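Work through the exercises below with the structure in view. Each task is followed by a solution in steps.

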Amino acid sequence: MPKDSGIGAATLRREDVRFLTGKGQYSDDINLFGQVAAVFARSTVANGKINSIDTTTAAAMPGVLAIFTGEDFAEVGGNPAGWLINSRDGTPMHEPKRPVLAHGKVRHVGDAYAAVIAETAEQAQNAVEAIEADIEELPAVVNMKDALSGSNFVHDEIGTNQCFDWGWIEDNRAATDAAIKGAHHVTTLELVNNRLVPNAMEPRCSMAQYNSATDEYVLHTTSQNPHLTRLLISAFVLGIPENKLTVIAPDVGGGFGSKIYHYGEEALVLAAAKKLGRPVKWTANRTEAFLTDAHGRDHVTKIELALDAEGNFLAFRTETMANVGAYLSNFSTATPTFLHGTLMAGNYTVPNVYVNVKAVFTNTAPVDAYRGAGRPEATYSLERVIDKAARELGMDPIALRRKNFVKPDQYPFASAAGLEYDSGNYDALMDKMEEVADLAGFAARRKESEAKGLLRGFGVNAYIEACGIAPSNLVGVLGSRVGLYDAATVRVNATGNLSVMVGAHSHGQGHETAFPQVVAEMLGIDASVIDIVHGDTSKIPFGMGTYGSRSLAVCGSAVVRATEKIINKAKKIAAHMLEASDADIELKEGVFSVAGTDRSVSFGEVALKAYIPHDFPLEDIEPGLEETAFYDPANFTYPSGAYCCEVELDPETGKVRVDRFAAVDDFGNVINPMIVTGQVHGGLGQGIGQALLENTTYDENGQLLSASYMDYTMPRADDLPFYAVDHSQGNPCTHNPLGVKGCGEAGAIGSPPTIVNAVIDAMQSGGKNVTHIDMPVTPHRVWSAMQNV
Amino acid sequence: MYAFDIERPETIAEAVAALGGEAQALGGGQTLIPTLKARLASPDKLVSLSSISEMQGIRLEGRDLWIGGATVHADVANDGTYAALSDLAAHIGDPAVRNRGTIGGSIANNDPAACYPAAALGSGATIVTNTREIAADDFFQGMFDTALNEEEIITAVKFPIPEVANYQKFVQPASRFALVGVFVAKYADGVRVAVTGASNEGVHRWSAAEDALSSNFSAGALDGLSVPSGNMIADLHGSPDYRAHLVKVMTGRAVAQAS
Ligand SMILES: Cc1cc2nc3c(=O)[nH]c(=O)nc-3n(C[C@H](O)[C@H](O)[C@H](O)COP(=O)(O)OP(=O)(O)OC[C@H]3O[C@@H](n4cnc5c(N)ncnc54)[C@H](O)[C@@H]3O)c2cc1C
C-alpha cells in the first residue's frame with residue numbers, strides 16, 4: 001500500500017483546502033430564489049405565564065408575511081427524549097412535551113414564543129419588536145437544590161422538578177454502602193461540574209423549502225446527524241413522511257454535541273415554507289446561540305471513595321444532581337445516566353460501585369451531551385477524589401492509581417459499573433506519560449518557578465471512556481429508543497473512482513480524509529480517487545450521525561463491511577475475466593490475479609467491466625459495483641489514557657498558567673495520526689477551557705449573566721500550552737474490524753481533573769491546605785481559596 | 001441594527017455642523033457598532049471622524065505628546081515616544097480593534113474597564129475638544145460619564161511625558177479589558193497613580209499611593225497601604241476585596257517596572 005495514502009498515513013486533511021480558502025458551503029451560504037427570513041420572539045424572563053400575544057401591529061408592518069405563535073403548533077407533536085430512564089422505584093421518567101413554540105408558559109430566557117416571517121431579516125426583526133406579548137413573570141427555578149425541595153415547578157402538570165431518580169446498579173447499593181461503612185479510610189468530595197455553552201463557531205441555521213407539486217420538503221440545517229433529525233421531525237414533531245423530507249447538513253462549523261439535537265426552529269421553518277410556498281431561512285445570532293443551544297455538563301456531585309489500609313479501592317459511591325434545563329433535549333436523559341454512571345469504576349478493579357443520579361428541571365436552557373457527554377463528569381469525579389485520597393493517605397498519586405489499575409491479563413474485564421472492557425494497558429500508558437512528560441525534571445522546574453515567586457503544581461489523571469456509541473441490543477435494554485448502528489454505501493464508478501456514502505457526518509473530524517484511507521488500504525488503490533459523501537439524506541443510505549466518538553468505530557466499520565462486499569464481487573468479476581475460479585483470485589495493491597500465475601486484471605479494469613457486462617453470466621453476477629452495509633457494534637469501545645500537566649500559579653493574583661501538558665492515549669489502531677493528534681489538541685483546548693475559563697452563570701432570576709464573549713471566557717491560543725501528545729500505546733479494540741476506539745472526546749474528558757489536580761498541588765506547595773476548588777479555576781477563585789485557609 | 005445615514009466630514013468644523021439632533025460621532029466604531037448591531041442605540045445619523053486630517057497623528061509639542069483624537073490605537077502602539085503609553089495601546093483588544101479604535105472614542109466612552117482613561121488621568125493629560133481644553137482630573141466623571149457636552153468632540157489629547165511610567169493590566173479573562181489596571185507615572189513634581197477597572201466610580205486616582213510614592217518611588221513604599229474595597233465593583237470575575245487587593249499588587253508591579 002502506498003505509505004502516503006492508506007491506513008497509518010498522516011495525510012493532510014483534504015477538506016481544509018475549502019475551509020481555509022473560504023470555499024466551504026455552510027447552511028447560511030445557501031440562498032434560494034424567493035427566500036424569506038424568520039426571526040424569533042424570545043422570552044426575556046426565565047419563567048412566565050403567557051397571558052396573551054397580540055400580533056396585530058406586527059402583522060401590518062412592512063414586509064411581514066406570516067406570524068406564528070405556540071397556538072399554531074398546539075396540535076402537533078413534541079420533540080422527544082431519545083432515552084427512557086426509569087427511576088429506582090421503577091416508575092418512568094417525567095417527559096414533558098417540548099412544543100415547537102412555547103405555549104401557555106415560557107420556561108427559560110430565550111424560549112421562543114413567536115416567529116415572524118418577512119421578506120428580509122431586518123423587517124422580521126422590526127416586527128418581532130412590535131409583537132405585544134403579555135407575559136407575566138413568575139419566580140424562576142434556577143438552583144437544583146431549591147428545585148428539588150421547593151414547590152415552584154418548571155412544568156406544573158408534573159408536580160415535581162425531578163425528572164427521574166436513577167440508581168446504578170441498584171443491586172450493588174447495599175454492598176457499596178457496607179464497603180464504605182467498614183472501610184479503613186473514606187475520602188469524600190463535593191464538587192460542581194460547571195455548565196458549558198458549546199459555542200460552535202457557526203451558529204445554528206435552518207432553511208426549509210416546500211414543493212407543493214410533489215408535497216416534498218428540503219431542510220438545510222446545521223446538524224451532526226441529518227437522518228436522526230429527519231426521523232424526529234417525521235415520526236414525532238410534524239409527521240412529514242420520511243420519503244417526502246430531505247435533510248441536508250452541508251458544511252457545519254462545529255457542533256460539539258449541540259447540533260445532534262432537533263430544535264424547534266427547524267420545524268418552524270418547515271411549517272412556514274409550506275404555508276408561504278417560499279424558502280424560509282433562519283440564522284441564529286450569537287446571543288441566540290448562548291441562550292438556546294443545548295448546554296453541557298452542569299452536575300453537582302458528592303463522591304466517596306473507600307480504601308483499605310494498603311490503598312486498595314473498595315468502593316465508589318456517587319450522588320449527583322444533573323441539570324436538564326427547562327425541557328428534555330434528545331440525549332439529555334442518557335448523558336448523566338448511561339454515559340456517566342457506567343463509567344464510575346474508571347480504570348480500576350474496585351469491586352463496589354453505586355451511582356445515584358437525580359435529573360432536575362430548572363428554568364434554564366436545556367442541557368445535553370457536549371464533547372465527552374457524561375464521561376468527563378465521571379472522570380472528573382473519580383480522578384479528583386482519588387487525588388484527594390492520595391493526599392489524605394500520604395501516598396503518591398501515580399502509585400495509588402497504579403495499585404488499583406486493571407492489569408493487562410484481566411481482559412475482558414467486567415467492571416463493577418456494568419461494562420465489559422475489551423482491551424487496554426493502563427500501566428503502559430502511565431509509563432509512557434512519565435517518560436514524555438519528563439517527570440524526573442519536575443523538581444528542578446518547581447525550583448525555577450519558585451525563584452520567580454510562582455508556585456508550580458503537578459497534576460495527573462487516568463481515564464477510560466466508553467465510545468463507539470453504541471451496541472443497539474445493549475442500549476435498547478438500557479432505555480434507548482433508537483438503534484445506534486451506522487451505514488455506508490461504497491459505489492465504484494465505471495471509470496474506477498469511488499464515492500463512499502456514509503452515515504457519519506463530518507464537521508471538523510476529518511472524515512473526508514480518513515475514511516478514504518481505509519478503503520484505499522483495503523483495495524490497494526490510491527486514496528485520492530475515493531470521495532466521501534455525507535450529510536444528505538437523499539444521497540446516503542442511512543446513518544445515526546456523529547457524536548460519542550463513533551464515526552470511525554461504527555460508521556468506519558460499516559465502510560469496511562461494504563468494501564469487503566465490493567472485494568468479493570470484484571473477485572467474481574475478475575475470476576470471470578480471467579477464466580478462473582473465485583477462490584483462486586487474490587487482491588494485492590489494486591491488482592486481481594490468479595494465485596500462483598502471472599494472469600491479472602487491474603482494479604480499474606474490473607470496475608469498467610462491472611458496468612459494461614457484455615459477456616456476464618447474469619445468473620451469477622449482477623452488473624454494477626455498489627454495496628451497502630449496516631454495522632452494529634458488539635460492545636462500546638474503551639479508549640483510555642494517562643494525562644499529566646504542570647501549572648504555574650501566581651499567588652499574588654491567583655492566575656494559573658498551564659506550562660506543560662502530556663496526553664498519552666490508547667485509541668487502538670490509528671488511521672491518520674495527524675488527524676488524531678488534532679482531535680486530541682481540540683479536546684484538550686475544550687477541557688482546559690472548562691477547567692480554567694468557561695463559566696455559565698445564571699442569576700437567581702434565571703438571567704444568563706455570561707451571555708456573550710465579554711463575560712464567557714473561551715480558551716484562546718495563548719491560554720494553552722504546547723502539548724506532548726502520544727498515541728503509540730494502542731491496544732486494538734477487539735470487536736470492530738479496524739481495531740479503532742475513537743479519539744474525538746478524549747482530550748475533553750481527561751484534561752479537567754488533570755488541571756485541577758495540578759492547581760491543588762501548586763497551592764499545597766505554597767503551604768495552603770486547599771483540598772478542593774471548583775471549575776473554572778479563575779484567578780479570583782484561586783486567590784479567594786488561598787485567602788480562606 | 002436600525003437604518004441610519006452616514007456623513008464623512010473632512011474638517012472639525014464640518015463635523016460639528018453635522019452633529020446635533022439624533023446624530024452621533026463615530027470614531028473607530030469598536031464600541032458603537034456592536035451597540036448598534038444589538039439595537040441598543042438608534043442614532044439617525046453617524047458622523048465619521050476618521051477622514052478629518054486635523055484629528056490625526058502624533059507629535060511632540062514642547063514636553064507634551066499631542067495625539068489627534070481620531071488616531072487609532074495601532075499608531076500609538078507603534079509610536080514609542082511615550083513608551084508606557086505605546087505599551088498600553090499595544091495591549092488593547094486585538095489587531096482589528098487596534099487598527100480601528102481611536103483614542104478619542106475610548107476616552108469619550110470612558111468605559112470603567114478601559115485602558116486609555118487610566119493613562120490620561122495617570123499622566124495628568126489635557127483633553128482638547130472643538131471648544132476647550134479640559135484637564136483629565138475634571139474630565140472623567142464616573143462610569144461612562146465625562147465633562148463632554150452634547151455635540152462636543154475630542155479633537156486631541158495632550159500627554160505630558162513623565163520621567164518614568166508603566167501600566168499594569170490584570171485582564172478580565174473573557175473581555176480582556178482591565179479587571180484592574182493601574183497606570184503609574186513619575187513626574188518631577190510628584191507621582192500620579194490612576195486605577196481603572198476596579199471601581200464603581202470609574203477611573204480614579206489612588207492618592208495615598210501617590211503620596212507614598214512621591215516621597216519614595218519603590219514598590220516597598222506601598223507596604224503599609226491598603227485599598228478600601230467599599231466602592232469596588234462586584235461581578236462574575238471578581239469581588240470588591242479581590243479588586244482592592246489587585247489594585248495594590250498592580251501598583252507595586254507598575255512601580256517596579258516603570259521605565
Ligand atoms: C474586542 C474588543 C476588545 C477591546 N479591548 C479593549 C481593551 O482591552 N482596553 C480598552 O481600553 N478598550 C478596549 N476595547 C475598546 C476599544 O478600545 C474601542 O475602540 C474604544 O473603546 C472606542 O473607540 P472607538 O474609536 O472605536 O469609538 P466608537 O466606538 O466609534 O465610539 C464610542 C463612543 O465615543 C463617541 N466618540 C467617538 N469618537 C469621539 C470623539 N473623537 N469625540 C467625542 N466622542 C467620540 C461615539 O459617539 C460613541 O459614543 C475593545 C473593543 C473590542 C471590540
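**Exercise 1.** Find what separates the centres of domain 1 and domain 2 of chain A, and describe the contact between these domains.

*Solution.* Step 1: the centres of domain 1 of chain A and domain 2 of chain A, taken over C-alpha atoms, are 39 Å apart. The model is predicted: local features need pLDDT of at least 70, side-chain atom pairs count only at pLDDT 80 or more, and totals for chains, interfaces and linings use all residues. Residues are numbered from 1 along each chain as its sequence is written, and chains are lettered from A and ligands numbered from 1 in the order in which they are written.

Step 2: domain 1 of chain A spans 15-22 + 485-631, and domain 2 spans 31-138 + 201-254 + 259-292; domain bounds come from an automatic or database domain assignment.

Step 3: 14 residues of domain 1 of chain A are in contact (C-beta atoms, placed from the backbone, within 7 Å) with 14 residues of domain 2 of chain A. On the domain 1 side, three residues are nonpolar, 10 polar and one charged. Here Ala, Val, Leu, Ile, Met, Phe, Trp, Tyr, Cys and Pro count as nonpolar, Asp, Glu, Lys and Arg as charged, and the others, Gly among them, as polar.

**Exercise 2.** Which residues of helix α11 of chain A are buried, and what covers them?

*Solution.* Step 1: helices (H or I, at least four residues) and strands (E, at least two) are DSSP runs, numbered from the N terminus. A residue is buried if 20 or more other C-beta atoms, placed from the backbone, lie within 10 Å of its own.

Step 2: in α11 (residues 426-436) of chain A, the buried residues are A:Tyr426, A:Leu429, A:Met430, A:Lys432 and A:Met433. They lie on the same side of α11(A) because they cover an arc of only 165° around the axis, taken from the directions from the helix axis to the C-beta atoms.

Step 3: their cover includes α10 (397-404), β18 (455-464), β26 (640-649), β27 (656-666) and β28 (723-726) of chain A.

**Exercise 3.** Describe the residues that surround the ligand.

*Solution.* Step 1: the shell holds 30 residues, each with its C-beta atom, placed from the backbone, within 6 Å of the ligand. The closest are B:Gly27, B:Gly93, B:Gly101, B:Gly104 and B:Gly105.

Step 2: β2 (23-26), α5 (95-100) and α6 (103-109) of chain B each give two or more residues. The largest share, five residues, comes from α6(B).

Step 3: the shell divides into 13 nonpolar, 14 polar and three charged residues. Domain 1 (5-48) and domain 2 (53-160) of chain B each supply at least three residues.

Methods
A residue is buried if 20 or more other C-beta atoms lie within 10 Å of its own, exposed if 12 or fewer, and partly exposed in between; C-beta atoms are placed from the backbone. Two residues are in contact if their C-beta atoms, placed from the backbone, lie within 7 Å.
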